[in-house]
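Hello,

Here is the structure I promised to pass on. My notes follow below it; please read them with the model open.

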Amino acid sequence: MKAAQISRAGGDWELVERDIPEPDAGQVRVKVDACGICHSEILVKDGLWPGLQYPRVPGHEVAGRIDAVGDNVTPWTVGQRVGVGWHGYHCFVCEPCRRGDFAMCINRKVTGIDFDGGYAEYMIAPAVALAAIPDEVPAEEAGPFMCAGVTVYNALRNSGARPGDLVAVHGIGGLGHLGIQYARRMGFETVAINRGNDKQALAQKLGAHHYIDATASDVVAELQKLGGARVILATAPSAQAISPLVDGLGPSGLLLVPAAPPEPLTINVFSLITRRSSVAGWYSGTARDSQDALEFSALSDVHPMIEKYPLDRVAEGYEQMHSGKVRFRVVLTMG
Ligand SMILES: [Zn+2]
Ligand SMILES: [Zn+2]
């Protein structure tokens, strides 16, 4: 099979031929149809994940079909369309798992980091990492739902915001363009915040009720004019842009950060205290959360905007994603 791998920290993309792998007990083999390129791939490409073993095939936005099933795998069968996301494994026996909090498993594994992912024609996935893909979602759209999609969907649905609450999505990129669609369809009064106005019409088309141009107006004042945000989903990875947003929260508001900026945030704690507001991170979700994201997206007409590249052009696709020029997600197709 063809695969794209990185064989050392900072190494270039290598297209290699490998043997088609066989699934062990508890695993399936997935014939990959499409795999999204995520910003987190930099962890493999540049060696930023402690203890990462090379060579590694990245890719945790996988969509494909079950091609072979190992022992003790139920209820998955050959031919089923499945996705594999960031959360690649949990052990069922550690303390968080015993409490049913599988995403926080202390033995968790990340697809494409702890084991080879979807930049290949085939991959091996633990059965616990599988999400069933609804018939109406094509593979190239299902891929991005497995990381970008589930992350913002799961962050918003667990945020405590209720229908009618003011929810702002900061940044219109890979995560943000999905966040706006989810926020609108979950029944929130939806605000899109971005620099400049070149994405204003798009934000409104995606479902935003309000648009704030961060270069032309005072974001905090605009949010307060709307009553203050119950939730701000901060998807632009800039500490400088995110930190002041706490002042745009309303009472008991939540600044939710699902993607890490490289620098620490500088937070005005007085502002947190007086509004009883908080800042929190959000961690992806389990395979069932991903399946919920897929099903909700099919049901409510949520779509990622994608550019497709064949696997052979992985280096170009990766550069395109990092350039920020892509609208909004690059997806590798296996042909
Ligand atoms: Zn990702
Ligand atoms: Zn566990």
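Phenylalanine 92 counts as partly exposed, because its relative accessibility is 46% (buried means under 20% relative accessible area, exposed over 50%, partly exposed in between, with a 1.4 Å probe and protein chains only). This is a predicted model, in which local features need pLDDT of at least 70 and side-chain atom pairs count only at pLDDT 80 or more, while totals for chains, interfaces and linings use all residues. Residues are numbered from 1 along each chain as its sequence is written, chains are lettered from A and ligands numbered from 1 in the order in which they are written, and side-chain values use heavy atoms, with hydrogens and water left out.

Back to phenylalanine 92. Its phi is positive, about 70°, although it is not a glycine. Phenylalanine 92 sits in the loop between β6 (87-89) and α2 (95-98). Helices (H or I, at least four residues) and strands (E, at least two) are DSSP runs, numbered from the N terminus.

Now the zinc ion (ligand 2). Its protein donors are Cys91 (SG), Cys94 (SG), Cys97 (SG) and Cys105 (SG), at 2.3 to 2.4 Å. Donors are N, O and S atoms within 2.8 Å of the metal (3.2 Å for Na, K and Ca); water is not among the atoms, so sites may look incomplete. Along the chain the spacing is C-x2-C-x2-C-x7-C. The arrangement is tetrahedral because the four donor atoms subtend angles of 104 to 120° (four donors count as tetrahedral if all angles lie between 85 and 135 degrees). Cysteine 91 and cysteine 94 are both buried.

The zinc ion (ligand 1) has Cys38 (SG), His60 (NE2) and Cys147 (SG) as protein donors, 2.0 to 2.2 Å away. Their sequence spacing is C-x21-H-x86-C. Distant parts of the chain are linked here: histidine 60 is in the loop between α1 and β4, cysteine 147 is in helix α3, and the two are 87 residues apart. Histidine 60 counts as buried, at 1% relative accessibility. Cysteine 147 is buried too, with a relative accessible area of 8%.

**Helix packing**

Two packed helices are described by the angle between their axes and the distance between the axes. Helix α3 (residues 139-157) packs on helix α9 (residues 287-300) at about 95°, with the axes 8 Å apart. Axes are lines fitted to C-alpha atoms, for helices over the stretch in contact, and angles run from 0 to 180 degrees between N-to-C directions. That makes α3 roughly perpendicular to α9 (65 to 115 degrees). From α3, the residues that meet α9 include Phe145, Met146 and Val150. Among their partners in α9 are Ala293, Leu294 and Phe296. Contact means heavy atoms within 4.5 Å.

Serine 284 lies in the loop between β15 (278-281) and α9. Its phi is positive, about 30°, although it is not a glycine. Serine 284 counts as buried, at 7% relative accessibility. Leaving aside neighbours within four places in sequence, serine 284 is in contact with Trp86, Val150, Thr151 and Asn154.

**Cis peptide bonds**

Most residues other than glycine have a negative phi, and most peptide bonds are trans. Which residues does a cis peptide bond with omega of about -5° join? They are tyrosine 54 and proline 55. Proline 55 is in the loop between α1 (42-45) and β4 (62-69). Another cis bond joins arginine 327 and phenylalanine 328, with omega about -10°. Phenylalanine 328 is in the loop between α10 (314-323) and β17 (329-333).

Best wishes

Methods:
Four donors count as tetrahedral if all angles lie between 85 and 135 degrees; four count as square planar and six as octahedral if opposite donors are over 155 degrees apart and all others between 65 and 115; anything else is irregular. Angles under 35 degrees count as roughly parallel, over 145 as roughly antiparallel, 65 to 115 as roughly perpendicular and the rest as oblique.
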